[in-house]
Amino acid sequence: MADWSDEELRLLVDSYLMMLQSEQAGIPYNKAEENRRLQLRIQRSRSSIEFKHCNVSAVLANLNRPYISGYKPRPHVQLALRRYIESRITEFGASEATLGQDATHGQGQAPAPIQPPAASHTVHPEAFWDQIAHLWDRSTGGRDVASKPESQSASPDYWPKAPRPAGVEEATEWFLTGISESRMPRFLFLVGGPGAGKSDAAAEIVQGLAQVRTPAEGLAHRTYVYEWGEKQIVLVNDATISEKTAKQGALARDINEAQRSGNHLVACVNRGVLVEEIAAVRSSSQAGYQAGQVLTTWLHDHQDESLANQDWTIKNSTHHDYMAAGELHDGTAVRALICVVFTDVCSLFEVKPKVEIGPSAEGGISLHCAEYRITPMSARPQLDLSLIPAAELISEVLSLLNPTESDLGSDWNPIVANVQALTDLDVRRGLLDIFRAGEIVAGKRMTYRELWGALVRSLVGDLPDRITRGELGDYMAQNKPSQNSELQRFVAMKNLAELRLTQAVYGARNDSGDGMALRGDNPVIQVLGPVDPTRDAVPGFFDQSDSSGWSSPVVAAFTGQSESGSPLALLLASVPSTDALHSITKAFDRSLDAAFVAALAQGMTSQKRASAYSWYGRYLTRLYATANGIPAFRSDICMWTNAWTLSKTVPTPLKNRLKSLLRPNRDPRDGDSSALIPVFDSRVMPIHGASSTAKLALASTDIELVSKIEGELIFLVLLEGTIEIAQINLDFALVREAMSVGSNYAGVTEQTDRTAPRLERLRAARLIPKKLDDKNYMVLKGASEWQLKISNK
Amino acid sequence: MAAEDFQQIDSSSILSAQIKLPLARPQYLVAPEVFISSLAGSALQAVPRGARGAKTGLVYKKLPGNTNSAKVLEMYPRDEDLLRLGNELAADGITTLHGSPMILAEAVAESVLGTRSAKGKTQSASPMSKSLALVQDLRGLLNTNSPPDLGKILESLYVLGAPSIDSEKGAASRLLEALQRRTEKDALLRAIDRAYEASLFGGPITSRAPSIGKLSNEWVGLLDDTPFRWFHEKWNALTSKEWVDALPARVWVDWAATVLRLALGMGYLWEASWYEALKKEVLQDTDPSWRSVRSSMSPALSWNAASLQPSMRDVHSPMRRKIIRGYALQKVIDDWLGENTNPETTFETAIQKMRRDETFRSILVTASNTPTNVKSNAFEAVKYSLSTREASGPFADYYGLLRKRGNYLVPEPGTEWVAVVASLACDGPGGKCDVSSVLSDLVALGARPEMTDLIDLLEQAGLARGSADADQGVIVQSAF
C-alpha cells in the first residue's frame, strides 16, 4: 500500500484526538469501534490503522505530549505524519505526563530523546556543527553483534529511523496483530547479513514489554524473553552469539523450545548461521527431524529434499525472492504460523515492493508480494524517489540539516556545500544512481549500515575516519584557508575539497593521480571506488541514452577560453541551465575555482602546474558526473540492467558480443571461419590464426544464448541446438568483458582476470564426454585444417 | 567427522606403532604428471620399444639442451614412431579427410603434451589414459637409477586416510578404473590410447598388484581432519564415475594431479608437525595421550592475509625448518622405538618411557635444533608439489598453491587450484556448497586462509555466487 495521503492522515489524527480527549475527560470510548469507523472511510486494514495510531503515540511521546496508553508508541513514523502532528500540536495540550501510564510502561519508559531541531528553523552555527557531529555515530564500522533490544528502544537515535527493508514492516505488523488476536504461536524470522536492520525491527516489536528475566548487564545476549499474557515472546536477537553449551544447532533448539512451550518467536538470523545450522542438521544421527530442524532447513532451502517424508512439515507455503510464509504442522495439526523476510535481497536503491500479509481463508497466513524489479539505469531519472528506501532516509536526514548561507563559512566549508547540494533533489537523485551503480558493479547490495556510511561520507567526507567528533570544530578552524598567498590558498582549498561529497564517496583522497583510487578496507569505498567516473570518462555530451558520452564539457572547460580563465565558469556555461551541475555547484566550488585560477596566475613550476590541472580536472569530472548520476562504465551498467529487465532474452548487442567472446572465429575478420578450441590443453583458450604445430581441435557449431533471473542474478544459458551446454552468471564483469568486443576481437578490461576462468570452463563444458560430438574434431597445422573422421565406435 | 572427533578416540587403545607414520622419504618431483604416472606405473607394466633393460628411465619429450644419459629413453614419437602412430590411429578408424597420417600423429603427439617448467629439459605427456601415463617415469625424469617409489608413497598416504578397515580399493586401482572409464566414453582418447600402446610399447600393457600390502592398517580411522583423510575422500570422489563423466579428459587429469600433489605436500608437512608435537609431549609433564599430541599440532602451513607484504607471508623458510627438523625428530624417535618397545607397548606407555629416558630427552632437544641449511629431498618434494611451475604461456601450471614472489614463496593459489579444492568440497558435479565447507576442507589439509581472502579467491575463480553477508553463507558453485 502507498504512504498515507494527507486526507487519510487528517482522519487518523482526528480519530486519535477524539479518543485522547475522551480518555483525558474520563469518557469511555471503544477503540475497536473507532477503528472500524475509520476503516469505512479510508480503506485501510484494521491492523494498519492500529499500527498508525501507535505511530501517533510515538510522535507525541517524542514531543513530550500525552498519548493514549493503549496505543504503545511505535517508531518508524512517516515523515508526513510527524509534520502533520507538529502542525496541530497545540490541539494535543501542553507538555505533561502520559495519560494512563501503567507500571510496565513506566519501568521501560524511554528517556527523553535528543530532539532534532525543526527543519524550518534557521540553525545557528553552533547548533549546525552539533548536528553534524552526531553523524559520527553513523559512520561505517558498526558493531560486531546486534545491540540489545532495550538499548535500541530506550535510546532513540538522534537521526530518523530508516525505512524497513521490503516486507519487514508488514511482517512485524502481522506478528503483533496476530499475537494479540489469536493463541496460535507466530514465528517471525528476519534473515540477512549484518547491518540490514533486523535487530532494530525486533526491538520495535518488544518495545515496552516486560522481560521474564533480566539478563546480566553489559553484554548483548543471544536470547531475550518477554511476557505476553499467558504466553511469552522469545526474541533470538543475534543468532551469531553462540550458546556456551552447544554451538551447533542452537537456532533449531530455540525453535523447538518455543514450539514446545507454545510461545511466539522472533529470530534475527544471519545467513552464515543457517549454514552452520544445516551442517548440524545433516550431521545429526536422529532419524527424523524435529520442528527446529525442519524450519532451519526450510529457511536455508525450501526445496531441500530432506524435508520430504518428515513428521514435521511446512504446509501451505508461499515463496518469493525476499519473503516466505507457511504453517508449521505436526502431522495434520498446525503448530505455528511462520513468516520470513530475507532482508538483504532487495536493493535499498530500487523501488520497495509492496507486501500484504493477512489471514488465509483457512486461518493460516496469506502472503502477497509484488515482484521485485530492477529499474533500467536509463529509466532511473523517472523514478519516484519517495518509493525508494535509501532516498527516503536521505530525505529525512537532510530535512534536519539547514545551514544558513552567511555564517557558516559556506565559501570555504565543504561540509556546508555538501549539505546544501544534497538538499537539491536532482543532486540527490544523481548520487543515488551512483550508489546503485556501485552495487551493480560490485555484485552486492548495500546494507543500511553501508548506506549510512555512504551518506556520512557524502556529508562530512572521511573525517570520521581521521578525527573524533569533538575535534571537528578545531579541525575546521585549523584548515580554514589562509590569505597568505594564492598558492597556499589553493593548497588549503584542495585539501578541504577532498571532503566534498563528489570526492569523498569515491575515496579520491587516495587517488594515485591516474584516476584509479585505492579502495582500501572501507566498505563504502569498496563499492563506490570502482564506479569513480574518472575511471571511464567517455567523450561526448550527455543525452541520457544508454551509450551516451559525457565528458566533453569537462575537457572543453580546460581547453576553452574565458575572460576569467575559470574552468568552472566555462563548464557551467556549456551545459543547460537545467543541468544538475548548476545545483551541485556551491560557493565552495566557486572559491576553489577562484583559488585554482589565482594560483596559476601567480606562477608555478611546470610540474606543479600539470599536477594542479590534473587534480582539478578530476575534481570537475567527478562534480559533473556525480550531479548527473553518471558512474564509470555507465553504458555497460545500462546493458546489465537492460538484460535483467528483458529477463529471458539477452539484448541483441550483448548477445552478439557474448557469442564472439564464447565462440570466437579462428579469423575474427571472417565470420565463416571455424570456431575452434583445443581438445587436450590445460586451458581452453580459443584458437586464433595459424597454429605453429599440428594440433587437435574441436569445432563449435552455432550457439544460442538465453537468460534467466534469480533475485538480482542473471544466468546465461548456452545452447547448442537444443542441448544445454552450460550456465554462467552474467554479472557486470562478464557484460563489461563482452561489451569490450570490437569487430569480433575480444578486448581486455580490468575484469578480464575475473571472467577468463569462467569463460574457459564454459568452453570446456563442450569437452565432457556426453557433450562431445565426434563429427566436430579437427586437425590443424598452420592455417590449414582437416576434419577428423572417427569410425571406431 | 567433525573437527573435534579425534577427541573421542580412546588413547589407551593406541599402540606405540602409531607413533611413527609409515611414509618413505620422497624426492624432488619434477613434473605434476609424474604423480599419476607413478601411481599408474605401480599397478601396470609394459616394456617400451627401445628399452635397454628394466632400469631404463622414460621421458615423454626431451627439450633442447637435455643432457640426460642414454639410459633415459624419449617416448615422444618421431620419424618412424610417428608414422607408426599415424598408422595405428588409422587402423583404429581415426583418419583425416585429405590430411596425412603423419600430420594426424603429429597433432596427437603435440596435443597430449603436459605442463612444462621454466627451466625444464623435459616435457611430460598428460596421463589421460593408461598408455599415456606410462610414457614417462620418475627414473627417467630424475635421471637416476633408484628413484623413490612414489606410487607406494601415494598409496600409503591414501591408506593412512582410510576411515575404516574395510576400505576396499587402493589409490592406483581407483585411478586405473577412472582412466578405463574415460577411454570407454571417449572414442578419440580410446584410439589414442591404443595407438600409443601399439606403437610405442613392445607388447600389451598388463596389470600387476600395487605394492600396498597391510602397511598402514593400524592407522585406519585415526586420522580424520588431516590431509590423509582429505586425500582419501577426495580421491574416491574424483575417481567416481560421476566426476569422471563430468570433466573434460585433460581437466580430469589436471584435477587428479592436483589432489595427489596436495596429498603429498600437505601430508609430509602434517607428518613434520606430528613429530614436533610428539617432542613437546615427551618434554612436558602432563598425562601423555594420543589426543593431546593431536591437539597440540601446529598448522601444517601458515597462510597469512593476502594484504600483508610477501615477507610476512613467506612459507619457504618455515616449511624448510619444519620438514628438516621433523625428519630429524622422526629418525631419533624411530631409533628409540626400535630399541625400547615391542608390538604390545601402548602409545602412552611408550611416551612415559621416553620421558623417563633423560638421554633420549636431550637427543630430542638436539634433533629439534638441527641446522636447517642442509639439503633436504623431502623439503624439495614438498615445495615442488605445492608450487606453481610455469606461471604463464601455453604450458602454464594453473594448479599450484604456492607461488614465488621475489625471494619469497607465498600462498597464492592458481585459479584452477581453487576450482579443484572448492568443487571437491561441493556435493558432486554441478553441485553447490558454502564457503565454510571449503574452509573446512582447507583446515583439514592444514591451511587456514582468512575468510575474506578465500571469498576473494572463489570470486576470482568465478565460483562464488553472491551473498549480501560476506560470511560463511556465501554459496560456492562447482566448476563443472
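Visitor: Which residues form one aromatic cluster in this predicted model?

Guide: The cluster is formed by A:Phe490, A:Phe558, A:Phe596, A:Tyr613, A:Trp615, A:Tyr616 and A:Tyr619.

Visitor: What makes A:Tyr616 and A:Tyr619 a stacked pair?

Guide: Rings pair if their centres lie within 6.5 Å, and planes under 30 degrees apart count as stacked. The ring centres of A:Tyr616 and A:Tyr619 are 6.0 Å apart and their planes are at 15°, so the pair is stacked. Both residues lie in helix 26 (residues 606-627) of chain A, three residues apart, about one turn of the helix.

Visitor: Why is A:Tyr616 called buried, and why A:Tyr619?

Guide: Buried means under 20% relative accessible area. A:Tyr616 has 0% relative accessibility and therefore counts as buried. A:Tyr619 also has a relative accessible area of 0%, so A:Tyr619 is buried.

Visitor: Why is A:Val212 called partly exposed?

Guide: The class runs between the limits for buried, under 20%, and exposed, over 50%. The relative accessible area of A:Val212 is 32%, so A:Val212 is partly exposed. A:Val212 is placed in the loop between helix 9 (198-206) and strand 2 (223-228) of chain A. Leaving aside neighbours within four places in sequence, A:Val212 is in contact with A:Val225, A:Tyr226, A:Glu227 and A:Gln232.

Visitor: How many aromatic pairs are there over all chains, and what makes the pair of A:Tyr16 and A:Tyr71 tilted?

Guide: A search of the whole structure finds 28 aromatic pairs. A:Tyr16 and A:Tyr71 are 6.1 Å apart centre to centre, with 35° between the planes. Stacked needs under 30 degrees and edge-to-face over 60, so an angle in between counts as tilted. A:Tyr16 lies in helix 1 (residues 6-25) of chain A and A:Tyr71 in the loop between helix 3 (46-62) and helix 4 (79-87) of chain A, so the pair ties together parts that are 55 residues apart in sequence.

Visitor: How do you know that the charged end of A:Arg683 sits over the ring of B:Tyr398?

Guide: One condition is that CZ of Arg is within 6 Å of the ring centre. The charged end of A:Arg683 is 4.0 Å from the centre of the ring of B:Tyr398 and sits over that ring. A:Arg683 is also one of the residues lining the second largest cavity, as are B:Trp255 and B:Tyr399.

Visitor: What is the volume of that second largest cavity, and which helix supplies the largest share of the lining?

Guide: The volume is about 90 Å³. Helix 30 of chain A supplies the largest share, four residues.

Conventions. Residues numbered from 1 in each chain as written. Chains lettered and ligands numbered in written order. Predicted model: local features only at pLDDT ≥ 70, side-chain atom pairs only at ≥ 80, totals over all residues. Heavy atoms only, no water. 1 Å grid on protein atoms, 1.4 Å probe; cavity = no way out; pocket = protein on both sides within 12 Å on 5 of 7 lines; lining within 4 Å. Points joined across faces, edges and corners; volume = space filled by probe spheres on them. Helix = DSSP H or I, 4+ residues; strand = E, 2+ residues; numbered from the N terminus. Buried < 20%, exposed > 50% of the residue type's maximum accessible area, 1.4 Å probe, protein only. Contact = heavy atoms within 4.5 Å. Lys NZ or Arg CZ within 6 Å of the ring centre and 35° of its normal.
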